[in-house]
Number of protein chains: 2
Amino acid sequence: MITTEISLSQYSAMSWLVQLFLLLCCTKCSLSWVHEHTRGQVWPLPRYISYQNTLNYINPANFSFKKITNNTCPILEEAVKRYTDVIKKMLPHHHHQWQGCSDGESLQEVLVALTGPCEEWPYLHMDEHYEVHVNRPDYDNLTIVSSSSVWGLLRGLESFSQLVTPSTDAAGCLVLNSTDILDYPRFKHRGLLLDTSRHYLPVSVILNILAAMEMNKMNVFHWHIVDDESFPYQSITYPSLSDKGAYDPKTLIYTQNNVKSIIEYARLRGIRVIPEFDSPGHTKAWGGGANKLLTACFTNGSFNGEFGPIDPSRSQNFKFVRTLLEEVKSVFPDKYIHVGGDEVQFGFQCWMSNPTVTQFMKDNNITSPENLEGYYMNQVLDMVYNINASAIVWEEVFKHGDPLHNDTVIQIWRSNRTEMLNEVTKEGKYALLSQGWYLDHISDQWQDFYKIDPTDFNGTVAQYQLVLGGEACMWGEMVDETNIVSRIWPRASAVAERLWSQKVVGKTAPAPRLNEHVCRMKQRGVAAQPANGP
Amino acid sequence: MITTEISLSQYSAMSWLVQLFLLLCCTKCSLSWVHEHTRGQVWPLPRYISYQNTLNYINPANFSFKKITNNTCPILEEAVKRYTDVIKKMLPHHHHQWQGCSDGESLQEVLVALTGPCEEWPYLHMDEHYEVHVNRPDYDNLTIVSSSSVWGLLRGLESFSQLVTPSTDAAGCLVLNSTDILDYPRFKHRGLLLDTSRHYLPVSVILNILAAMEMNKMNVFHWHIVDDESFPYQSITYPSLSDKGAYDPKTLIYTQNNVKSIIEYARLRGIRVIPEFDSPGHTKAWGGGANKLLTACFTNGSFNGEFGPIDPSRSQNFKFVRTLLEEVKSVFPDKYIHVGGDEVQFGFQCWMSNPTVTQFMKDNNITSPENLEGYYMNQVLDMVYNINASAIVWEEVFKHGDPLHNDTVIQIWRSNRTEMLNEVTKEGKYALLSQGWYLDHISDQWQDFYKIDPTDFNGTVAQYQLVLGGEACMWGEMVDETNIVSRIWPRASAVAERLWSQKVVGKTAPAPRLNEHVCRMKQRGVAAQPANGP
């Protein structure tokens, strides 16, 4: 039986495989996998999913995806290889020898149908719709993953792979229910911020996190690449920035090749890489490699040895920022660049202490440090648009009333989210939610993140449509390669489901599904920590 | 210049190598090692340490320890091998080729002198005093680690190894100041509790944690091996306990060989392994493999399907516990067994619902569940002493006024610690502090743990002497192999220093030393998380 649109309340009665176990043992999953969990359910929950009453078996040695497309599509080629590998590695070691399944239908081939053009780069408005049908009786019992875009196929292949689990008997085969999925995301921008300034993160760790993002259908890697503490980005134009600003100028940097490989790894997974070059504050580490870029702070009329935000009184500094942004635009293919703009007020005192800056303000009728900040951000935003890019900024830039371009995105991180979401969208601006989704707040559990919804404010439909999504933020003060993966996952998975699935997912209790998802991430090499206690 | 007793205030003026760096690069240490940190300082801080004004160089290829002892002493043999390895692996990879040091004195041989008998098993009252002298001018410029016990030598070798660091120039050699250390611990019992019931921990993870304990001079592994959630200990006498009570009876268990290898690994590092078989509560996982061991709970006069604490109305159950404890005594060589006794009150309602139990109480003039608990614990404590062991119990056993043997140790975990430490020691009982040192309280940082001192109560000297030390507790609900190591270290290091070093260590700011120690742990394969932000 096939239903093309199935309400969530139906699925539980229809499924027999996909039931909750109080599974006190699960060596097939993970040594520490001990909690109540589902089997073969998908995270984030698809919009429509219907499990049928037939079971299918997969012999990993005799299984393949078959592409159906009019185009050559390298991302699809790679994805098919990747998911073939996922399926083949799903049986635990002692089951690598196929022992056969006693009954049911054997599933040997999955069609992967791209019905639209092949695209090369993920982007804000990319299409991620897809369908999955497993053993479809009204269509020759085919199993098919289909989408009009390669991005949808990536999401569909991930969902298909999540339907498959090792059988619970000793047969050592893989099983999945006959299933129908019609799916698409609720929000277009489903991001994760990584901060590589407070602690350097090895490239391998970033790739591991990108792999996990794909498993959670997150599609934006917001790379907070530099900040006060270090400047690990090795610039082509200004190599002195990392020479002087990285923790180590030779080993603790991201070379152009590193950046390329990260962008490529993300691209193949439908993940945009949006770099953040935050200014005019949060730039201390830029100062060593850029002469007179930062404002010299004065006490009692003389330089006190400290430096503040970028000095907006020097026109050369705007030229410097513009050249840097031009390079950034050429290195990072995404349309958007994050230009920061947060917490500039911590530098106001320095700005106002510097006689050149205050003279500049007088000369230009700038009457307050807030206005000076606006003057600075204005120019930076114009630069961004002049190089045919678009900007994301932190909420302060909006709050200070700086003039913004139409496609500028405001990232809310600090204020009351209900009020800010309302204010930003009332002004017709795009909003991204991060407030409440700070992974460095270690007392916040996934349940806390899960409760937050970007449309929980009193707005119009037009306003809701301006909410592009949100980002979980992993600020780097207290994390490095030893603990960052387990700190992100599975807590960020809660944000991922909130941003993908429909608003009310209450009928399918998330905890047992998240337990399965943790298990799945661990199986695939992501060191996700326990989601819930025993 | 040598001083045999040097006050802590002197050391900082005397040292030039051991200074604080705002080291923005430290590839020699760790890729993520970016904080203000010391070089060549010892954690936990020795009682007396004096750095001299001469520098010594080590060529790892031409370095050895030379044992001076009248005994064969296998623990010492192993320790010398282990620390030789630590020294040889201290240079980063690209420096494995010795390039030589430009000047200073070459240190090729360290004498390791055991001046007393060789002991085989660590124990509560073992002697851990040691001295380290590096390039001692009044004694032929020898470098020596000496102690009258092998346990002291273990601590001394660890301290010596912590004095050594890679040179900061490009020479690729190891350096250390001439130094004198006279050292011994403030408390005898410096423990770490691991809970292998809520999540199973692979043996390799436990060994890694034991290795880190040695680096922190902790000497008790309190193995909370079983609990409500699972029974991973594979008993010789009662194999059904893990067959029915482990998360998986084949893979998620500790076999006798596993247990032996853990005890041996700990023994070689001077670490006692104290198993906890907590009863009569916290025993749900025992029930499947032990017929009628647990109390059947009743509702409205009939069994409701739930089980409570061990049923004290059946004499067979005491026989069962006694046989189990006899086995435990034969498997775990330490004098002490932890027999739990916490949170029994959560089972009182079940006890009182069961007609056999209430009839038993009536027959034996037991008038309250508290008294029934006392009746049970009394018998268990007697068993422990009858098999020539000693007991550690949780504080409830003391609070309920159960009669205790003289060497029973009360572990304080829940009450106001100041009051409980006072009350326990006023009664002449031994106390262990854990309250405030719960590693599962993830918002507590190392600074919070560091503030707590087991003698912070208003008692007499005789009372203070009854405080044996304390334990950091890593309860297992939310940790498994993905995050337990980074969650324990370096936060437990704060407890380790509190229990080893003198009470006032304020003159040597702990944060930069702890940053170095984190770096050192990572170098030696322990995934310690950042101690402090940048």
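This report describes strand pairing, a barrel and helix packing in a predicted model.

## Basis of the description

The model is predicted, with local features requiring pLDDT of at least 70 and side-chain atom pairs counted only at pLDDT 80 or more, while totals for chains, interfaces and linings use all residues. Residues are numbered from 1 along each chain as its sequence is written, chains are lettered from A and ligands numbered from 1 in the order in which they are written, and side-chain values use heavy atoms, leaving out hydrogens and water.

Strand S8 of chain A covers residues 174-183; 10 of its 10 residues are buried, so the strand is largely enclosed by the rest of the structure. Buried means under 20% relative accessible area, against over 50% for exposed and values in between for partly exposed, with a 1.4 Å probe and protein chains only. Strands (E, at least two residues) and helices (H or I, at least four) are DSSP runs numbered from the N terminus.

Strands count as paired if DSSP finds at least two bridges between them. Strand S1 (residues 48-58) of chain A pairs with S8(A) in the antiparallel sense over eight bridges, and A:Tyr51 stands opposite A:Thr179. Strand S5 (residues 130-136) of chain A also runs antiparallel to S8(A), joined by four bridges; here A:Glu131 has A:Leu182 as its bridge partner. Strand S7 (residues 165-166) of chain A is antiparallel to S8(A) as well, with two bridges, and A:Thr165 faces A:Val175.

## The barrel of chain A

Eight strands of chain A form a closed barrel with parallel pairing, in the order S9-S10-S11-S14-S15-S16-S17-S18. Direction ignored, neighbouring strands of this sheet are turned by 30° against each other on average.

Helix H12 (residues 417-426) of chain A touches S16 (409-412), S17 (430-433) and S18 (467-474), at about 160° to the direction of S17(A). Angles run from 0 to 180 degrees between N-to-C directions, and axes are lines fitted to C-alpha atoms, for helices over the stretch in contact.

## Helix packing in chain B

Helices H9 (residues 355-363) and H10 (residues 369-386) of chain B pack at about 80°, with axes 11 Å apart. H9(B) and H10(B) are therefore roughly perpendicular to each other, a term for angles of 65 to 115 degrees. B:Val357, B:Phe360 and B:Met361 of H9(B) make the contact with B:Pro369, B:Leu372 and B:Tyr375 of H10(B), contact meaning heavy atoms within 4.5 Å.

Conventions:
Angles under 35 degrees count as roughly parallel, over 145 as roughly antiparallel, 65 to 115 as roughly perpendicular and the rest as oblique.
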